[in-house]
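Colleague: I would like to learn how to read a few features of a model. Please start with the general idea each time, then turn to the case at hand.

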Amino acid sequence: MRILIVGAGIVGFNLAQELSQEGHDVAIVDMDLDRTRRISDTLDVMAIHGNACKPSVLVRAGIKSTEMLIAVTEKDEINLLACSLASRFNVPNRFARLRDMEFTTNGAVLSPQDLFIDQAINPPQIMIETILKFLETPGVVNVAEFADGEVLLREFDVPENAPISGKSIQDIRNITLMESFLIVAIVRNGELVLPKDEDIIHSGDRFYTLVDKEFLPFLLPMLNKTLDEVEKVIIYGATPMAIHLAKALEEQGHDVRIIEPSREMAHVAADALKKTVVMHGSGTDMDLFNEINMKEADFFLALSDDDENNILSALLAKKYGAKRALVITNDPEYLPILDSIGMDITINPRLITVSAILKHLRKGRVMSVFKLIEDAEVMEIGVEPDSSIVDKQISKIKFPKEAIIGAILRKGEMLIPNDEITLEAGDSVILVALPGAIEKIEKLFDRKRSFLPFR
Amino acid sequence: MKIDEILKKESVIANLAGKNKLDVIKEMTECLKKNNIIKDDQALFETLMEREKLGSTGIGENVAIPHGKSDELTQIITVFARSLNGVDFESLDQKPVHFVCMVIAPAHSTGQHLKALARISRLFKNQGLREGILKSEDADAIYSLLLEEDSKFI
């Protein structure tokens with residue numbers, strides 16, 4: 001398919017990389033010469049330097065034969081205009097990232113469709129939903145959803161004296177025969193391994209599990225003996241997203257404080273929120289930390305637009321006694337080091353946006369893909385009637401060693417895989433694959449990444 | 001799956017005598033023996049306690065759902081018990097447990113017990129039901145309340 005991406009920032013770059021690797025004919029437009037040069041040098045993608053609001057630039061980028069336009073510049077207005085121009089050029093599928101929630105909330109004056117957008121992606125909304133999940137589940141460090149939210153992927157810390165620690169995978173399985181969850185990966189010293197029966201879970205490890213949403217309450221007590229209800233939440237950065245999040249937290253009865261370095265933004269936040277206390281100050285102000293009793297904070301959320309300030313403020317907040325810290329970093333380069341400096345949870349809005357867009361694009365066999373920080377993928381793949389694995393018993397399938405089936409979904413119900421299960425057409429399989437296995441899995445499922453026609 | 005398929009009236013205990021998790025699980029497995037549903041209540045007790053050691057089945061909001069498999073059974077059975085004073089079940093939220101619904105599945109059960117556990121945990125999310133059970137006169141009243149609430153699910 002011919003795809004035109006407008007905006008070569010982190011999202012545009014990652015989309016271009018992913019889509020060109022999947023065999024699509026990709027062109028990308030950006031105003032910044034450094035960015036287009038970098039893409040020309042590193043990717044098999046046509047990079048055009050120019051202003052995407054000008055029809056002539058879009059024509060140069062081949063819009064007349066483009067089947068899909070994805071507008072992901074930093075400016076909502078440019079994304080809007082690019083989509084309406086694309087509609088004039090009869091591009092059938094048009095995606096836009098719209099950050100301002102005013103465009104996408106219910107009751108917006110103009111709906112995305114009025115603005116010639118088939119699918120609007122609102123990263124702040126996705127972030128808020130993700131952060132709320134972190135606050136709901138104690139000890140969770142990574143979250144994703146499969147099968148429309150019926151199956152949850154959760155990564156947990158294994159704390160000291162967790163009942164589950166010291167037990168082998170086989171022991172855990174034997175004792176929890178009646179429960180619908182499976183440990184699909186163990187992360188030890190930053191390295192991800194697929195669990196074998198004899199592997200033992202230790203305190204200090206992290207593990208990924210796929211769990212039927214009804215069974216999460218049975219799993220949590222295996223990790224912690226008591227639950228610290230999240231009461232006090234301190235947020236650094238009064239971005240519009242942070243304000244929306246604070247509103248949701250207020251409604252749930254949390255005690256929320258916001259620290260904001262800009263006086264003006266602090267005022268905006270204070271006006272928009274009822275119960276939340278907004279403090280004007282820096283994210284590294286020790287006196288302020290003492291004043292708001294950082295040591296009583298159950299969660300510190302660093303949500304400003306500045307990666308470095310977020311990281312610093314979260315480090316200090318932890319030092320001052322905040323129980324857990326969540327950091328937003330936009331630059332993916334930071335992700336690998338954040339874990340080693342003690343950040344509990346890191347979120348990258350750019351990568352979340354890329355995943356959200358790809359999820360809407362994909363159709364057929366691969367229904368969704370979630371990339372783990374540790375360089376592995378969790379995929380949900382449909383079993384098609386014409387694939388080589390249909391009607392085969394799992395034990396008979398030559399499954400690559402670097403991958404593990406975590407769950408099978410049959411008629412909306414999650415099954416824990418075992419050797420006797422025979423895969424049926426219409427099932428979907430959720431699996432964890434290390435990089436070496438992805439291609440083999442594709443072959444096995446005869447994975448062709450194809451795209452959804454929009455309406 | 002309906003609750004009346006897996007819960008019989010004689011398996012409802014209106015007032016638990018036990019004050020702690022151990023006594024309560026003992027009392028409920030003995031009830032199964034008394035009703036001639038199982039013979040080896042000690043083995044079942046041990047299976048259930050082993051699961052509790054891995055993590056409490058007290059899932060919060062005063063509810064606990066201890067569960068295990070038994071090779072004496074050919075179908076899923078449950079025992080429901082109420083404790084007016086509350087039992088320390090080592091639940092995450094540290095609230096005393098008033099409602100214990102024990103679920104025992106046959107050793108070779110595959111999918112049915114998942115449905116049973118999911119259905120029971122959904123059922124007890126209903127605050128109205130929990131309050132109703134606390135106010136109920138006796139085992140008969142609790143039983144009909146459970147069935148009535150369950151019939152509202154499809």
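Modeller: A residue is called buried under 20% relative accessible area, exposed over 50%, and partly exposed in between, with a 1.4 Å probe and protein chains only. This is a predicted model, in which local features need pLDDT of at least 70, side-chain atom pairs count only at pLDDT 80 or more, and totals for chains, interfaces and linings use all residues. Residues are numbered from 1 along each chain as its sequence is written.

Colleague: What share of the 455 residues in chain A is buried?

Modeller: Buried residues account for 56% of them.

Colleague: How does the radius of gyration of chain A read against a compact globule?

Modeller: The radius is taken over C-alpha atoms, and the globule rule is 2.2 Å times the number of residues to the power 0.38. For 455 residues a compact globule would have a radius near 23 Å, and chain A agrees, with 23 Å. Along the principal axes, the C-alpha atoms of chain A fill a box of roughly 65 × 65 × 40 Å.

Colleague: How many helices and strands does chain A have?

Modeller: Helices (H or I, at least four residues) and strands (E, at least two) are DSSP runs, numbered from the N terminus. Chain A has 15 helices and 24 strands. Helix 12 of chain A, residues 307-319, holds A:Leu315.

Colleague: Is A:Leu315 buried or partly exposed?

Modeller: A:Leu315 counts as partly exposed, because its relative accessibility is 33%.

Technical notes
Chains are lettered from A and ligands numbered from 1 in the order in which they are written. Side-chain values use heavy atoms; hydrogens and water are left out.
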